[in-house]
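Dear colleague,

Please read them alongside the coordinates.

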Amino acid sequence: MIEINVPKNINGVVYTVKSVESITIACPRTCSCVKDRDFDCWQGDELNEKGIPFNKGKFECVKVVINIKNLSKKEHRIDEDNIKLIDSDGFSYEGKCLCEKCLPLRAVRNLADVQPQTQVNFIQVFPTLEDGCDIALLKIYVEGNWVDFSLSDTYYNPFEDVVQVAQKISSAEDISQGVITENENSFSNVDYRIEWSVQVFVDRLNKIKTSIYSRLNNVLTESERTKIHNKISNELYNLELDLGARSESDFDGIKEEVQAVRKKYLDELSLLNERDSDRLVLSKRVEDLLELSPREFEHYVGELFFNLGFEVEVTPYSNDQGIDIIMFKGHEKYGVQCKRYKGSVGSPDIQNFIGALDHLKADKGIFVTTGSFTFEAEKMASQHPIQLINRVDLANLIMESLKSASSNGLSFQENVENDNQMRFDF
């Protein structure tokens, strides 16, 4: 099965060839056309007319699945006559929309109207190709133009020979003898093979862009990240090799775009890897905080906020009345509670913290934990001026604090090393 998944937007209608595969389809025998195990099916007659032999409810075919998104403000009509399959020898095939009894739930029949802001799947079948022929191209007629979807990176345009012959004849001495005139030579000023090859390279680059998006934006395991990065690197290398063999100026634009895509990918990947490395360091740092005593953890949190420009006062360890740190910034007074937990902080802790903030007459509260918060705790806190900082937020707070403290010129890693030597001197 060939998977394309490269969308093309034509006047607000997005066509995406999802898959192309050679399969055998069997009739489900659920309609009135089936009589005493013999088939008298007009759909089967139409398949035979298209060159798809229909015998006892089965037929071998090339099945094409196309997704159509209508982003425009008007209806869009789907017609099986507007889709052609081209083989590697340049021959064109007409297809047939699947019978409604064979269609999956989200697919539509022929001549269906796609409403604005909706999408459908359109499934069409074509004759199987002769031995030695490959599926090369789908041509889809949309909004008055034929749009090409390349299904092969190695398609040879058979009309190139016609172009070359026409060019030779047009320059020959026997033009005057009526063999061909220069005005009649519609091929003389167009190199269809170059135009086709450029489109093939564009389609290959679009596939690479899809893989790059997945690598940079999807949540992946380590093995998945390695696999997709190797795929991108190999495909970019092969694409550059193939482009390097083309000296025509027509390929200069795609060569520049490939170089720009490679550079942008490597730059963004480097930033992503740097962020991932920082997250690993900070995750380990949060884990290390569990080794601190409760008092040490309070001082550590106080220093984080001190680096961010707060005036910080760590309250006495005994009789703190539920407030571990008192902070000031501008005209606002903050009360902070610190919990060095592995588990979850619940709503009773938040309820007690609300009472402590009222007694302190604080403008805002901040609850910091090395664990997490229950849903009930988050809901209760959202009804008051309280910011909750869980394990993940604490890692981000550490990073922000270290960056703020990096005005002394130290690198992130050096700040982490200094951060390990905690200071409790406020």
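Helix 6 and helix 9 are oblique to each other, a word that applies because angles under 35 degrees count as roughly parallel, over 145 as roughly antiparallel, 65 to 115 as roughly perpendicular and the rest as oblique. This is a predicted model, in which local features need pLDDT of at least 70 and side-chain atom pairs count only at pLDDT 80 or more, while totals for chains, interfaces and linings use all residues. Residues are numbered from 1 along each chain as its sequence is written, and side-chain values use heavy atoms, with hydrogens and water left out.

Helix 6 (residues 294-307) packs against helix 9 (residues 391-404) at an angle of about 50°, their axes being 8 Å apart; axes are lines fitted to C-alpha atoms, for helices over the stretch in contact, and angles run from 0 to 180 degrees between N-to-C directions. Helices (H or I, at least four residues) and strands (E, at least two) are DSSP runs, numbered from the N terminus.

In the contact (heavy atoms within 4.5 Å), Phe-297, Tyr-300, Glu-303, Leu-304, Phe-305 and Asn-307 of helix 6 meet Leu-394, Leu-397, Ile-398, Ser-401 and Ser-404 of helix 9.

Turning to the sheet, four strands form an open sheet in the order 8-7-13-14 with antiparallel pairing, where two strands pair if DSSP finds at least two bridges between them. Its edge strands, each pairing on one side only, are strand 8 (92-94) and strand 14 (145-150). Strand 7 (residues 83-87) runs antiparallel to strand 8 and is joined to it by three bridges, and Ile-86 stands opposite Ser-92 in strand 8.

Best regards
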